[in-house]
There are 2 protein chains.
Amino acid sequence: MTNQSSWFETAVADLVDPQDQRVWSIIVSLFGDMAQEPGAQISGGALTQIIEPMGIKPEAIRVALHRLRKDGWIESDRIGRVSRHVLSEFGRTQSAAVTPRIYARDSAPVEHWHLLIAEDGTGTQVLEDVMLSDDYIPIGRNIAMRAGAAPLQAEGLLALDISPQTAPKWIQDRLCPPELRASCRALLTAVQNAAKTHPEEWTPTPLQSATLRTLLVHRWRRVVLRQPDLPAAFYPPDWVGPACRNSIIRMLDLLPRPSAAILSGSG
Amino acid sequence: MTNQSSWFETAVADLVDPQDQRVWSIIVSLFGDMAQEPGAQISGGALTQIIEPMGIKPEAIRVALHRLRKDGWIESDRIGRVSRHVLSEFGRTQSAAVTPRIYARDSAPVEHWHLLIAEDGTGTQVLEDVMLSDDYIPIGRNIAMRAGAAPLQAEGLLALDISPQTAPKWIQDRLCPPELRASCRALLTAVQNAAKTHPEEWTPTPLQSATLRTLLVHRWRRVVLRQPDLPAAFYPPDWVGPACRNSIIRMLDLLPRPSAAILSGSG
């Protein structure tokens, strides 16, 4: 075993999610990173070679693919012995919607928000209806907030522009819960460990690169999409999101995306 | 009966509160208007002459004076057959605190406010403690507001500056309740009626002037002090506060305050 292949194994071990590896979710991360363009295919063989090093069995990959087909995320076909998978229109739309937030190199806190306040009692239902259709964050039984300016019409709700300057601990805990902070810290540590031991002259094979990219994107996606970009005051002091983003992006920069030919199995 | 004395009687009838004449409260209005300065006295005789035309019996005035002495609002003494009453230090402080709002000739809506938001559940108690000591207005179980900038330290509450631009009906009804709006409309109508029939050449006697001033201040005090000066958006469309203020102030301008000598019974 060379020093280089052993680093790959160490990095994979660092980056594998210690808690929960949902295979279908890993496959979604993989397609989002490497096969989001219309027509971009991934062969069954490439998929297995990218995912197996994470300690996931081919049978689990088959089950996950079946589920993703059933849910309308991917479409598959088979020519001879070669199966090929593509994102469905639905899957591509879902993927594209979150791509900017996952790959953003900087993420400024968003300082201008608005509140919707419902009347106690009957108003709570009105607020719940609004929250069903828009991405408001509840901060109390009858209060929700969202980035941007207050709507002019708010259907019986009091709409108020806010730019929070300070925040009590309970708001930080609600919007940036302790377990999310812990996940983010653990990911930062994992990426920093991998970066520290990374041999300078190391060049990944295309599929090694794909494995590591998938792990990075998958872990980061599950941190960054758990909350919107909050006002600075709403982040708790132990929030390492920006440092984590930097180290993820830096490591992705070292790992080229494999060519379409390699991914589709025609290379 | 001359035309002039008959107008006085009509105006008194117009301005007497149709719902509730608490005599002690009328006396508070009277002292606040005419004997707020340290040392300013009102004799028992002047008091009776000012208040009796409102249809209030001397016995009711004696009972109210007794209550006001007991509550520490006024102090009384008697030399021979002449009793004299003054505001206590406490009474003067209470009176002075509300005088600017009662007599303000203009009252611009206050547009800069802040909210305090408590965490659901345990936080409600924290908010209630703050409301006990400061004049926050509750707008929900766990939300209160007050004019001015948000405090830097808010003891576990989320403090947010707001400048409300629009408001739903329930907020208007909560801060400016329908019965307050009705009182204000009724007072405006009463003052407008009195002003319309007022003979141009009419000159009140000092005690007639005092009676009408007392009625005007008393009725207006009970409207204007029921709420703070709210953001413009929080007033309902049928709120006639500014028109009412104008007509009250205009009529007070026609009614000179009696001299100290007349009020103290030494004139």
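Domain bounds here come from an automatic or database domain assignment. Everything in these panels belongs to a predicted model.

Panel 1. Chain A divides into domain 1, which takes in 3-107 + 174-264, and domain 2, which covers 113-162. So domain 1 is written as two stretches of chain A, going by that assignment.

**Panel 2. Where domain 1 of chain A meets domain 2 of chain A.** What about charge pairing? Between these two domains of chain A the count is zero salt bridges, and there is one residue pair in polar contact, both residues at pLDDT 80 or more.

**Panel 3. A salt bridge inside chain A.** Arg257(A) and Asp33(A) join their side chains in a salt bridge, with N to O at 3.3 Å. This pair ties together distant parts of the chain, 224 residues apart. Arg257(A) comes from the loop between α10 (241-253) and α11 (260-264) of chain A, while Asp33(A) belongs to helix α2 (residues 23-34) of chain A. Count over all chains and the rule gives 27 salt bridges.

Panel 4. Rotate chain B by 179°, shift it 0.1 Å along the axis, and it superposes on chain A with an RMSD of 0.1 Å. That is the relation of a two-fold axis. Which C-alpha of chain B is nearest the axis? That of Ile162(B), 3.1 Å away from it. Both copies use the same surface: 100% of the contact residues of chain B recur in chain A.

**Panel 5. The interface of chain B and chain A.** Here 25 residues of chain B are in contact with 26 residues of chain A. The two chains bury about 2100 Å² between them, 63% of it on carbon and sulfur atoms. Within chain B, the residues losing the most area to chain A are Arg141(B), Leu158(B) and Trp170(B), together 28% of what that side buries.

Panel 6. One salt bridge is counted between chain B and chain A: Asp120(B) pairs with Arg141(A) through their side chains, at 4.0 Å from N to O. The rule also finds four residue pairs in polar contact across this interface, both partners at pLDDT 80 or more. On the side of chain B that touches chain A, β4 (113-117), β5 (137-140), β7 (158-162) and α7 (169-175) of chain B each supply at least two residues. β7(B) gives the most to that side, with four residues. By class, that side of chain B has 16 nonpolar, four polar and five charged residues.

How values were computed. Residues are numbered from 1 along each chain as its sequence is written. Chains are lettered from A and ligands numbered from 1 in the order in which they are written. This is a predicted model: local features need pLDDT of at least 70, side-chain atom pairs count only at pLDDT 80 or more; totals for chains, interfaces and linings use all residues. Side-chain values use heavy atoms; hydrogens and water are left out. Copies are superposed by least squares on the C-alpha atoms of residues with pLDDT of at least 70 in both. Contact means heavy atoms within 4.5 Å. A polar contact is a pair of N or O atoms within 3.5 Å; within protein, one must be able to donate a hydrogen and the other to accept it, and residues adjacent in sequence count only if both atoms are side-chain atoms. Buried area is the accessible area (1.4 Å probe) that two parts lose on being put together, summed over both. Ala, Val, Leu, Ile, Met, Phe, Trp, Tyr, Cys and Pro count as nonpolar, Asp, Glu, Lys and Arg as charged, and the others, Gly among them, as polar.
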